[in-house]
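This briefing is for a reader meeting the structure below for the first time. It takes one residue as a starting point and then widens to the rest of the chain.

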Amino acid sequence: MANVSAAQLSKEQKDELLCTYAALILHDDGAEVTPQAMTNLIKATGATVESYWPMLMAKMINNIGMDALIKMGSGGGGGGGSGGGSAQAAGGGDAGGAAGGAAGKAEEKKVVVEEEEEDVDFDLFG
């Protein structure tokens, strides 16, 4: 969602993002992440979310732990550490672009394998 403006997000995406930011703020402040605390923080900004979002987020955070969620959050969508290889693989960069692109693809495959091996003990309805 970092590449998309807030105006382009659906209501559900905005609600999820607001709850995520509220939880991160509470965690960073050392406060307990509860549905009521998240709702109060969101309302203080002038925003509103569907009432089930803070409850779901707080339950997930309390079951898994905020530190564990932060550590596993860098896995999805955009990729992380191999930013230079991506530009070279797209045809940019200098004469070594082809070699850099091949290395970037190998790293990308490696990351996918690691994500598949990761075991997440989270049950949304449990």
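M38 is buried, with a relative accessible area of 0%. The model is predicted. M38 sits in helix α2, and it is listed among the residues with the most contacts inside the largest nonpolar core.

**M38 and its surroundings**

- Setting aside residues up to four places away in sequence, M38 touches C19, A22, A23, L26, V33, P54, M57 and A58.
- M38 counts as buried because its relative accessible area is 0% and the cut-off for buried is under 20%.

**The largest nonpolar core**

- The largest nonpolar core consists of 15 residues.
- Those with the most contacts inside this core are C19, A23, V33, M38, I42, M57 and I61.
- Helices α1, α2 (35-44), α3 (52-64) and α4 (66-72) each contribute at least two residues to the core.
- A23 is in contact with V33, M38, I61 and M66, once its neighbours within four places in sequence are left aside.

**L26 in helix α1**

- L26 is part of helix α1.
- Is L26 buried or exposed? L26 is buried, as its relative accessibility is 10%.
- Apart from residues up to four places away in sequence, L26 touches A31, E32, V33, A37, M38 and L41.
- L26 and L41 are 15 residues apart along the chain, and their C-alpha atoms are separated by 8.6 Å.

**The K11 and D15 pair**

- How many salt bridges does the structure hold? The structure holds 1 salt bridge.
- This salt bridge is formed by K11 with D15, and the closest N and O atoms are 2.9 Å apart.
- The side chains of D15 and K11 are also joined by a polar contact of 2.9 Å.
- Both residues belong to helix α1, where K11 and D15 are 4 residues apart, about one turn of the helix.
- K11 counts as partly exposed, at 39% relative accessibility.
- D15, in contrast, is buried, with a relative accessible area of 1%.
- Which residues does D15 touch, not counting those up to four places away in sequence? D15 touches T48, V49, E50 and W53.

**A nonpolar patch on the surface**

- Y21, L24, I25 and I70 form a nonpolar patch on the surface, and together they have about 370 Å² of accessible area.
- Helix α1 (residues 11-29) supplies the largest share of this patch, 3 residues.
- L24 has its place in helix α1 and is partly exposed, with a relative accessible area of 35%.
- Y21 and L41 are 20 residues apart in sequence, while their C-alpha atoms are 9.6 Å apart in space.

**The chain as a whole**

- The secondary structure of the protein chain comes to 6 helices and 0 strands.
- Along the sequence, the pattern reads α-α-α-α-α-α.
- The protein chain has 126 residues, and 18% of them count as buried.
- Among contacts in the protein chain with a separation of 6 or more, 50% are between residues 24 or more positions apart.
- The accessible surface of the protein chain is about 8,800 Å², and 54% of this surface belongs to carbon and sulfur atoms.

Definitions and conventions. Residues numbered from 1 in each chain as written. Predicted model: local features only at pLDDT ≥ 70, side-chain atom pairs only at ≥ 80, totals over all residues. Heavy atoms only, no water. Patch = residues over 30% accessible without salt bridge, like charges linked within 9 Å, V, L, I, M, F, W, Y side chains within 5 Å. Areas by Shrake-Rupley, 256 points an atom, 1.4 Å probe, with all protein chains shown as cover. Salt bridge = Lys/Arg side-chain N within 4 Å of Asp/Glu carboxyl O. Buried < 20%, exposed > 50% of the residue type's maximum accessible area, 1.4 Å probe, protein only. Polar contact = N/O pair within 3.5 Å; in protein donor to acceptor, adjacent residues only side chain to side chain. Contact = heavy atoms within 4.5 Å. Core = buried A, V, L, I, M, F, W, Y, C linked by side-chain atoms within 4.5 Å.
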